[in-house]
Amino acid sequence: MHIVVDLNRCQGYAQCAFLAPGVFTMHGEESLLYTPVAPEDQRARVRRAVAACPVQAILVGEEAGAGAR
Amino acid sequence: MLGEPRDGRIVVVGASLAGLRAAETLRAEGFTGSLTLIGEETHPPYDRPPLSKQVLLGKVPADRTGLPQRRRLDADWKLGVRAGGLDPVGKRVLLDDGADVPFDRLLIATGTRARPWPHPDEAAMDGVFTLRTSGDAAALAARLAAGPRRVLVVGAGFTGSEIASACRERGLDVTVAERGPAPLVGALGGTLGELAAKLQRAHGVDLRCGVTVTALEGDGRLTGAQFSDGTRIDADIAVIALGAVRNTEWLAESGLAAGPRGVTCDAGCRAFDMYGIVTDDIFAAGDVARFPHPLFEYQLLSLEHWGNAVAQAEVAAHNMISTGPRRRPHLTVPAFWSSQFGLNIKSVGVPTFSDQVVIAQGSLKDARLVAVYGYRGRVTAAVSVNQARSLEYYRHLIETAAPFPPAPGAADQRESPVPVPSDVPDPKLLSHGPTVALTGHLPDRRLTVVQPAR
Ligand SMILES: Cc1cc2nc3c(=O)[nH]c(=O)nc-3n(C[C@H](O)[C@H](O)[C@H](O)COP(=O)(O)OP(=O)(O)OC[C@H]3O[C@@H](n4cnc5c(N)ncnc54)[C@H](O)[C@@H]3O)c2cc1C
Ligand code: SF4
């Protein structure tokens, strides 16, 4: 599961860091750092984070061009 | 335009953020023809912002920033091959491996690359790096993890400053050399530049402004550097952060308005030829594009912003499969973020398009604030430091050309109610290239002097 957060849109509300702390962490007061490739066992948590983000800044999906290598 | 716009052959050159988002939009909006993505890198599209943040901090491996796709693309990917030329009459992209790829419509999304250190012998030394690709980031992150004695960062723009921040967070000694008067001053002007300088020093960076690096020393392996003020340091790593170069060389013979500033296009992302005539089948998006923006007096903007690559790619793709009045303009207010020294810096508008700046909320002392920029009495940009939630309000002011200085915010006290000059230096004074460039009104300087490419 691949993740990208639109950090222009992200407001640092930290819901994601609360729901999936293994993938999203706050760095300083307002900056979000995340793991762009989430481990399998985090899928459910990440999906909850996606749904909870108040500004819908989190996009998850299959890796783009995965078969193209 | 020949044929049905939703059918035919579309070729995208540049398989990164802009290329990917354009391809997805084409399919999402019903393009059923053949879709080919050509990319010089062997990797499928990946995200670059984490390279100077999570990756250099050692939290994420460099080859693990692959972008998620929004939908299935049903595309033909040609990765690891560079487009070397464009035949606009025969409508073919000429690949370096000798093949050519015919198209009905073409998207140019070749982005930028790191500006190299100007002395090739010095640049080739072990320990000298640039940072643009995941390969660059992997190599640099490995060396940082090995615990160098001192890192030299050349150029204190956003990338250079983020690299210095990651080094300090890892406990590494770091020297930053910047020709201009302060870090970030080229993008944010004097007031926030001063704040950035203070922050870097407070975090233990050996910051040297107003100097240039005159030589990188070493015998095959970097050992140190000399500065224009006569001083020198020992360093085993140097990261060259001198800004970016637009990947337009492959278009030199194409007759397009393509040059060092990018590929000039109209607000609908259609590329201009060198006479300033708009093409109908060649489009541009992302870091490589240069486009007019009505909020900034229709000057041509060259942006190196993640958000611009996404938004412009979506507009370009829409317009590639839409005719006449259904086409849309790319009018998004420019925006970017940066994360460094524990601070979240976000910008909307074009701070360099300004003559004055005022701290509208918060204070420099607390490093929590919103700086609002104005040009001739109207709001043109706002930059927040650890105050991102206020920015949306100012974006609205920019979009509506609200008067500058803005009315005081209801809740917050102003540090200095009086606007001061924004002190945006001439980019020539900076070590690094600007990530936002206002480049005037002409599609291309070659309008007046048409000479064959060397
Ligand atoms: C270290 C780093 C940190 C960043 N941090 C931020 C940030 O915090 N916030 C922000 O807003 N932006 C940031 N950016 C900028 C952001 O990553 C870019 O704006 C974005 O990548 C632009 O996407 P693009 O697709 O237009 O171009 P690029 O990502 O440059 O992609 C262009 C692609 O085209 C390929 N290509 C070039 N020439 C050819 C050719 N002739 N034939 C075939 N393929 C070719 C290249 O190999 C490349 O893969 C950062 C960039 C870097 C490097
Ligand atoms: S929940 Fe959304 S807005 Fe909040 S920190 Fe996460 S991504 Fe940002």
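Visitor: In what order do the strands of the three-strand open sheet in chain B run?
Guide: The order is S4-S5-S6, and the pairing is antiparallel. Strands here are DSSP runs of E with at least two residues, helices are runs of H or I with at least four, and both are numbered from the N terminus. Two strands pair if DSSP finds at least two bridges between them. This is a predicted model, where local features need pLDDT of at least 70 and side-chain atom pairs count only at pLDDT 80 or more, while totals for chains, interfaces and linings use all residues; side-chain values use heavy atoms, leaving out hydrogens and water. Residues are numbered from 1 along each chain as its sequence is written, with chains lettered from A and ligands numbered from 1 in the order in which they are written.

Visitor: Which are the edge strands there?
Guide: S4 (83-87) and S6 (100-102) of chain B, each pairing on one side only. S4(B) is joined by four bridges to S5 (residues 92-95) of chain B, and B:Leu86 sits opposite B:Val93 in S5(B).

Visitor: What's the strand order in the six-strand open sheet?
Guide: That one goes S3-S2-S1-S7-S21-S20 in chain B, with mixed pairing. Strands S3 (76-79) and S20 (270-272) of chain B are at the edges with a single partner strand each, so one side of each has no neighbour in the sheet. On average, neighbouring strands of this sheet are turned by 30° against each other, direction ignored. Angles run from 0 to 180 degrees between N-to-C directions, and axes are lines fitted to C-alpha atoms, for helices over the stretch in contact.

Visitor: Do S7 and S21 of chain B pair in the parallel or antiparallel sense?
Guide: Parallel, over three bridges, with S7 covering residues 105-108 and S21 residues 278-284 of chain B. The bridge partner of B:Leu106 in S21(B) is B:Ile282.

Visitor: Which strands does helix H6 of chain B lie across?
Guide: H6 (residues 306-320) lies across S1, S7 and S21 of chain B, at about 140° to S21(B). Helix H1 (residues 17-28) of chain B lies across S1 (9-13), S2 (34-39), S3 and S7 of that chain, at about 175° to S2(B). Contact means heavy atoms within 4.5 Å.

Visitor: Switching topic: how many residues does each chain put into the contact between A and B?
Guide: Chain A gives 31 residues and chain B gives 37. About 2800 Å² is buried between them, 54% of it from carbon and sulfur atoms. Buried area is the accessible area (1.4 Å probe) that two parts lose on being put together, summed over both.

Visitor: How many salt bridges cross that interface?
Guide: The rule finds one. A:Glu29 forms a salt bridge with B:Arg368, the closest N and O atoms being 2.4 Å apart. The rule asks for a side-chain nitrogen of Lys or Arg within 4 Å of a carboxyl oxygen of Asp or Glu. Over all chains, the search finds 27 salt bridges.
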